[in-house]
Structures are given as structure tokens and as C-alpha cells.
Amino acid sequence: MSENRFPKRVYGVGDEPDPRFSLANERTFLAWIRTSLALIAGGVALEALSVPIAPGLRLAAALVLIAAGILAPLQAWFGWARVERAMREGRPLPGTLFAPAIAAVASIVGILLLLGYFLR
């Protein structure tokens, strides 16, 4: 069965893990997709709505949110593959690489919006 599944670099190694763990990994994948959509929607809304913030800083904050939203699906895909492969090989699960970046994005956007509010 695994010879017909994509991607082969994930499903072509190791043993089939407990389905509950694979399904939990897929739910995490979908959570990153939802996060991506929310980041993009937040960036678009920030620029589309008339928020009383300095225009240059508002645009910068919106672009940071949209850029993070574009990168989040990559985290979803590669994170899912890393975890699934680790489970199939019986290795410890790897940590996420993108969560600290999301925290940095939230901080940067917060600072930009705060500055934009006071400099309007």
C-alpha cells in the first residue's frame, strides 16, 4: 500500500505508525494552514480597513503578516513530513521551526502598529 502513497520520502521508510498519531499530525498540518489564512486575512484587513495608523507603518505591518501567511503553508508541509517520517522510523519527534518566527512576527507587527498609532 505505501508504494502508492505520496510523498515517497515519507511513506517509503519505516513502519506504519498508530493511525491516531498520524491523524494528530494531520490536524497540526491543518492548524498551520488555518494560521496561514488568518495571517493573510489580518494583513489584508489591516490595509483594507481605515485603521487610524500611520500609512507607512500600517503597510509594513500588513506586508509582514502577509509574508508570514505565505510562509506558514511551507511550515505545515515540511513539519508534517518531518514528524510523519520520525514516527515511521521510531525516532523522537522534531520540534517546530516556525513557531519562534510566528512569535517574532507578532512582536514586530505589534511594535509597528504601536509606533504607527503614536506617529499618526
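I worked on a predicted model, where local features need pLDDT of at least 70, side-chain atom pairs count only at pLDDT 80 or more, and totals for chains, interfaces and linings use all residues. Residues are numbered from 1 along each chain as its sequence is written, and side-chain values use heavy atoms, with hydrogens and water left out.

**Count.** I looked for salt bridges (a side-chain nitrogen of Lys or Arg within 4 Å of a carboxyl oxygen of Asp or Glu). I got six.

**E16 and R5.** I found this pair at 3.1 Å, N to O. E16 sits in the loop between α1 (8–11) and α2 (19–48), and R5 in the segment before α1, so the bridge ties together parts eleven residues apart in sequence. Helices here are DSSP runs of H or I, at least four residues, numbered from the N terminus. I then checked accessibility (buried is under 20% relative accessible area, exposed over 50%, partly exposed in between; 1.4 Å probe, protein chains only). E16 is partly exposed at 48%. R5 is partly exposed at 28%.

**R20 and D18.** I read 2.4 Å, N to O, for this salt bridge. R20 is exposed at 59%, whereas D18 is partly exposed at 26%.

**E89 and R85.** I noted a salt bridge of 3.1 Å, N to O. Both residues belong to helix α3 (residues 55–89); they are four residues apart, about one helical turn. E89 is partly exposed at 34%. R85 is partly exposed at 28%.

**Network.** I traced shared partners last. Salt bridges join R5, E16 and R88 into one network.

Technical notes:
Helix = DSSP H or I, 4+ residues; strand = E, 2+ residues; numbered from the N terminus.
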